[in-house]
Amino acid sequence: MEQSSTTQYLRLLDELSTGDYKIPSTITSTLLEYVQPIFRSEREKKYSEPMIWIGLYIACASLVCILVMVADLLHGMRRGKLWFPCKYFRINSAFLTVISVAMKLPVDLSGSMPGDVDQVAKLGSMAFMCTMMANLLPCLSTMDNNALLSNITALGLLVITMVVNICIQIQTGVVSYKEVAPIMNVISSLDEAKINKDRNIILASIYVTLLLWLLVVHVCTCLAILKSKKDIEKKYQQEHDRASKDIQQRPGELLTVEKLQQHVTNHWIMAGSGSPQFITTCFRTTSASGVICVFVTILHTFTMFWSIEAILNKDCDSDYGLSMIAIVIVQFIGVVIGTIAPLSRCFATLSFKVSLKIISNDFKVFKLERYWTSKLSDWKRESFVAMWLLHKYRFNSSWERFSSLDEKTDFLERNEDLRPYVLQLEDEMELAKRTLEGLSKSVQQLIQNGEKSHANDNLMNLIEQNPTRGIHGVAKFDNIDKHHMHHVPFSLLKVQYQDCWSLPVVTLTTIAVSLPGIGKVEVDNLLNSVREGLLYVTLVEENLNATDDYVSIQDAAKTLWKEVDIDHKWLGYKLQDPSSHVKTTRRIVEWFMDTAKNIVNTKDTSRNDDSIGRSICANSMYRITKTILITNIDGEVSQRELFDNLSSMISDIMTACLTNLPQVIAMKCHTSAIETREASVEDAARLLGESTQIIKTLQRRGIPDMNPSDLPFIHKWRAYLGNR
């Protein structure tokens, strides 16, 4: 068994004191004083064995940050947004935790950094932090006020902690030079140690300054965001009101696809030009952070160039071991890749046409835009330093604006029509032609992608199979007269049962797919059609029938559909074999009616969501099956005829429901939250593309002359059709 250093040292002393060496006792006593330091060093070495794994953990955390930044780059390139909005890499509790892990080296006060690679790793972590802060700047605009305050505070605490710890390490010599350098400097006349010490301290001091500068940039950007959002929101409301005047639906008419496309495009222009991240990207602070990021990259590249020999020689003697090399390489890659987005954002102002008035304003460096100082004025805490920084940032993008003077003023007529819907924080800054065309093309591409997705081919087949019978199935699926109501408890019907679109569709589908005489292909086609149709029916219900009276019914329908579609069961009973002795069509319908009646009449004292949902579904089944039996009271109906009738009623109900899709699309174009507005309009554009053929088909057939506000409610459809 290998002996410890302390044991070996004690045995050596014993031999010196008891052997023939005749060592004086005073020397032996002096040597014994070193036993405790040797033992302590040995224990510290034992405790630091896991540090190499912690180093790999730091490298993995850094790699996660890099991958997320790469994901943002790919997202920006795919969407044609070369200012690279922050979709994945955000300031939140999760990423702040990952960043704090990746920044363990700069905050490590006591860990010795004896090798050149160890010193470069500390400096590289600071450079990587500067790069990440520059990348994260636009995401500040995606938060509400409370989240913005909490997240910027957390980031500030992390940065200040890093800065304080780095200053302490500079003072204590942890950040200075390699461990053997002072010894070599004493032995030889070379001044390499002093050079390395000064270089590392100077670099660390520069990174500390840049980190504090970037923190000030983030704070100043937060102040501007708070006011700019209010200004943009005010302009948005004005343009939204104007755009909504052209989208009013008249009784008996559906909004045309052309009007919807124009409405979506108008709101896409508003959402895109008024995007909080796009506005933040055009701030001077964003340009400043991009310049800082480029400077950090150049600085760290030189540092890595000076340290190539040390890396090749594996000059890493800290407790982190060879994991330091992994940290250095990974974080250097992160610095290089992370520079792309901040550098591209420096040119975001090229998205605007610039007049001589704007250029002259740029030279008025002591003039600040209102949105920069409004929040400071409100707080009565204006700072001269902050004001000086904001003035300095005005210089950063002046040269960029000059580069767009050659923009032509001729626009295509279709884009000129979109010009009034451009939201501008500064009235003098007019969106450039190519930017406006890019926004217009992007929304058209979204609509075309929706059309090409063929997401509702089966649904269209079901709708087109019933071209002449109209939508009378909406009124026919439930025709129980008042004198039949005693079959179901009146209190349950009155309190729990409401008319909604999805529940009768699921109930009718359940009966249709349970008919054993229908081929599997037809059953699967019906299931596929209903599956596609319920996606749009659910959209209508969630947007237009979202009151408490309907939510419980809709939830019950969703649960029942999952059971029918996935498990091929209805309330626990296997479909296409409801009972082994049930063979005829009438007996199948009667079995469903009797089973539903028993479930409704069963007293369940728990009254939880599951029991209420079962009662709702059973009540729907009872009423529909009772209607089927009353309608066919004169004789037996074949399974084929019943299946066709059920399919027709399903088609009618979904067709009536889908007449509300234009309203849903128009609603999705407008959302009160500015942070989610662009995503909502994107959903509307994609939905418009998917439903274009549906809307055109409904326009050819025509719809009842009903008030547009009544179209979302099935009971108003039934009342209207019942009175005709």
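## Nonpolar surface patch

Helix 13 supplies the largest share of the nonpolar patch, namely four residues. The model described here is a predicted one. The patch lies on the surface and is formed by Ile-298, Phe-302, Phe-305, Trp-306, Ile-308 and Leu-312. Together these residues present about 680 Å² of accessible area. Two elements each give two or more residues to the patch: helix 13, spanning 284–306, and helix 14, spanning 308–312.

Phe-305, one of the patch residues, is located in helix 13. Its relative accessible area is 58%; because the cut-off for an exposed residue is over 50%, Phe-305 is classed as exposed.

The structure contains zero disulfides. Cys-65 has a relative accessibility of 0% and therefore counts as buried, the limit for that class being under 20%.

Cys-167 has a relative accessible area of 40%. This residue is partly exposed, because that class covers values between the buried limit of under 20% and the exposed limit of over 50%.

Technical notes
Residues numbered from 1 in each chain as written. Predicted model: local features only at pLDDT ≥ 70, side-chain atom pairs only at ≥ 80, totals over all residues. Heavy atoms only, no water. Disulfide = S-S within 2.5 Å. Buried < 20%, exposed > 50% of the residue type's maximum accessible area, 1.4 Å probe, protein only. Patch = residues over 30% accessible without salt bridge, like charges linked within 9 Å, V, L, I, M, F, W, Y side chains within 5 Å. Areas by Shrake-Rupley, 256 points an atom, 1.4 Å probe, with all protein chains shown as cover. Salt bridge = Lys/Arg side-chain N within 4 Å of Asp/Glu carboxyl O.
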